[in-house]
Amino acid sequence: MASQLGLLHEATASAALLSKWYLAKGNLTMAERYALAAVDGARHLQDSYDLPRYLSILAALETTNGRFDAADATYREAFGIMDNLLSRTPAIDARNTIINATTPVYKDYLNLIITKLHEAPKALQLTEYIRARSINDFLTSGKPKADDGLEERMEALSVPLYNRTHPWVTDNAISDEGKRPLAFSETGIGKTSQVSQQDIQRMLRPTETVLIYLLATPRSFVIAVTQDTVKVVELASGDAIKARSDALLARVLLQQSPEQLARQLYGDLVAPI
């Protein structure tokens, strides 16, 4: 009805809701049909805010149907649009709103990379890019640096990684004031160069390990990086880990014995590595 009345925004949003409804009912054919309609509508409207969410619905259906390479390409398109949107949003509060709205897309894409594509280096590349993006925000926000040797070394790595994984940033696109990217094209993550594991491993001392935790439900993961190895380990549900962490913090604040919960949390987060 919305489409017949020329209400394309409403028709596009309705198609996305219908796609989710059919997916819940187990009708994958109709779910994908409406997901494609939502994506096409958002592209026609040039709606860069909602399009990544609609693409993620389509990618989830492609994953369910076993079309993992197609889902990978769809997630990469969503990722590129989100990055371009963030790059054109200078206000930190507005950027945080976008990040909160699109966080599930990152989590779903990482889940695909780890559980279906089994590509640990690609998962590491994505997580390092996300972390580098947050460090870039930190650098351009005018906040002072933390006085920590390890953080400074990781920051020194992350900023070049940010630039290397952004080939759509022109050579002279960094301002002198705060290293803020100024010029972008529409190229997405699918065109980025592969970030070498050695770039990270060279920054580590023999006794150091970088643990990158990806908490989500129903399962979480940790990527463990040493000088010589990179491995992905599956963990418990993010909700369960958060509940145990909150309980541990409450015990500490109440000056109660936290030892049992601490051992359990250690078993959740560190022991599996």
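The model is predicted, so local features need pLDDT of at least 70 and side-chain atom pairs count only at pLDDT 80 or more, while totals for chains, interfaces and linings use all residues. Residues are numbered from 1 along each chain as its sequence is written, and side-chain values use heavy atoms, with hydrogens and water left out.

Start with helix 1 and helix 2. Helices are DSSP runs of H or I with at least four residues, strands are E runs of at least two, and both are numbered from the N terminus. Helix 1 covers residues 8–25. Helix 2 covers residues 28–45. The axes of these two helices come within 8 Å and cross at roughly 155°. Helix 1 is thus roughly antiparallel to helix 2. Axes here are lines fitted to C-alpha atoms, for helices over the stretch in contact, and angles run from 0 to 180 degrees between N-to-C directions. Angles under 35 degrees count as roughly parallel, over 145 as roughly antiparallel, 65 to 115 as roughly perpendicular and the rest as oblique.

The crossing of helix 1 and helix 2 is left-handed. That word applies if the near helix is turned anticlockwise from the far one by less than a right angle; clockwise is right-handed. From helix 1 they include Leu8, Thr12, Ala15 and Tyr22, and from helix 2 they include Ala31, Tyr34, Ala38 and Leu45. Contact means heavy atoms within 4.5 Å. The residues of this contact divide into 15 nonpolar, five polar and no charged. Ala, Val, Leu, Ile, Met, Phe, Trp, Tyr, Cys and Pro count as nonpolar, Asp, Glu, Lys and Arg as charged, and the others, Gly among them, as polar.

Now follow helix 2 to its other partner, helix 3. Helix 3 spans 51–64. The axes of helix 2 and helix 3 come within 9 Å, crossing at roughly 155°. These two helices are therefore roughly antiparallel to each other. Their crossing is left-handed. The contact of helix 2 with helix 3 has 13 nonpolar residues, one polar and two charged.

Between these helices sits Gln46, in the loop from helix 2 to helix 3. Phi of Gln46 is near 55°, a positive value in a residue other than glycine. Gln46 is exposed, at 72% relative accessibility. Buried means under 20% relative accessible area, exposed over 50%, and partly exposed in between, with a 1.4 Å probe and protein chains only.

Next come the charged pairs. Side chains of opposite charge can pair when their charged atoms come close. The structure holds ten salt bridges. Each is a side-chain nitrogen of Lys or Arg within 4 Å of a carboxyl oxygen of Asp or Glu. One of them joins Arg43 and Glu77, with the closest N and O atoms 2.7 Å apart. Arg43 lies in helix 2 and Glu77 in helix 4 (residues 68–87), so the pair ties together parts that are 34 residues apart in sequence. Arg43 is partly exposed at 39%, and Glu77 is partly exposed at 32%.

Asp50 and Arg53 also meet in a salt bridge, at 2.5 Å from N to O. Asp50 is buried, at 17%, whereas Arg53 is partly exposed, at 29%. Glu208 and Arg205 form another, at 3.4 Å. Glu208 is buried at 17%, while Arg205 is partly exposed at 48%. Salt bridges that share partners also join Asp40, Arg43 and Glu77 into one network.

Move on to helix 6 (residues 120–140), which holds Ala123. Ala123 is buried, with a relative accessible area of 0%. Leaving aside neighbours within four places in sequence, Ala123 is in contact with Leu110, Ile113, Ile114 and Ile223. Ala123 and Leu110 are 13 residues apart in sequence and 6.2 Å apart in space, C-alpha to C-alpha.

His118 lies in the loop between helix 5 (92–117) and helix 6. Its phi is near 55°, positive in a residue other than glycine. His118 is exposed, at 61%.

The last stop is Pro218, in the loop between strand 1 (210–214) and strand 2 (220–225). The peptide bond from Thr217 to Pro218 is cis, with omega near 15°.
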